[in-house]
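Please keep the sequence and the model open while reading.

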Amino acid sequence: MAHNLGRAVGILASHDLARATAATLQRTLFTVPGRLVHTARRLHLRLPTHWPWADAFTHALTAVTALPQHG
């Protein structure tokens, strides 16, 4: 299941990461050099300004949060 979830995040992130290996996905997307900041009672994710995978990460995060929730 973890393999399938990793593949799905790679596909959502970018075309370049759609066929990436698990090690590449871990190095580029899953090991995020950012931090969670709590301001105004909200959580924000701060990423480095020149991180090469920031666009792919935010694209995947936006796609995942846009999925409908079943409850």
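**Layout of the chain**

Read from the N terminus, the elements of the protein chain follow the order α-α-β-β-α. That gives three helices and two strands; helices (H or I, at least four residues) and strands (E, at least two) are DSSP runs, numbered from the N terminus. The model is predicted: local features need pLDDT of at least 70, side-chain atom pairs count only at pLDDT 80 or more, and totals for chains, interfaces and linings use all residues. Residues are numbered from 1 along each chain as its sequence is written, and side-chain values use heavy atoms, with hydrogens and water left out.

The C-alpha trace of the protein chain spans about 40 × 35 × 20 Å along its principal axes. Of its 71 residues, 23% count as buried (buried means under 20% relative accessible area, exposed over 50%, partly exposed in between, with a 1.4 Å probe and protein chains only). Among contacts in the protein chain with a separation of 6 or more, 30% join residues 24 or more positions apart, where contact means heavy atoms within 4.5 Å.

**Helix packing**

Two packed helices are described by the angle between their axes and the distance between the axes. Axes here are lines fitted to C-alpha atoms, for helices over the stretch in contact, and angles run from 0 to 180 degrees between N-to-C directions.

Helix 1 (residues 2–13) packs against helix 2 (residues 22–30) at an angle of about 55°, and their axes are 11 Å apart. Helix 1 is therefore oblique to helix 2 (angles under 35 degrees count as roughly parallel, over 145 as roughly antiparallel, 65 to 115 as roughly perpendicular and the rest as oblique). Their crossing is left-handed, meaning that the near helix is turned anticlockwise from the far one by less than a right angle; clockwise would be right-handed. Helix 1 contributes Gly6, Arg7, Val9, Gly10 and Ala13 to the contact, and helix 2 contributes Leu25, Leu29 and Phe30. Five of these residues are nonpolar, two polar and one charged (Ala, Val, Leu, Ile, Met, Phe, Trp, Tyr, Cys and Pro count as nonpolar, Asp, Glu, Lys and Arg as charged, and the others, Gly among them, as polar).

With helix 3 (residues 54–65), the axis of helix 1 crosses at roughly 110° and comes within 7 Å. Helix 1 is therefore roughly perpendicular to helix 3, and this crossing is right-handed. Here Val9, Leu12 and Ala13 of helix 1 meet Ala56, His59, Ala60, Ala63 and Val64 of helix 3. The contact divides into seven nonpolar residues, one polar and no charged.

**Loop residues**

Which loop holds Ala40? Ala40 is in the loop between strand 1 (35–39) and strand 2 (42–46), and has a positive phi of about 50° although it is not a glycine. Ala40 counts as exposed, at 72% relative accessibility. Arg41 is also placed between strand 1 and strand 2; its phi is near 60°, a positive value in a residue other than glycine. Arg41 counts as exposed, at 81% relative accessibility.

Val32 lies in the loop between helix 2 and strand 1 and counts as partly exposed, at 28% relative accessibility. Not counting residues up to four places away in sequence, Val32 touches Leu47, Trp51 and Phe57. The C-alpha atoms of Val32 and Trp51 are separated by 9.4 Å, with the two residues 19 apart along the chain.
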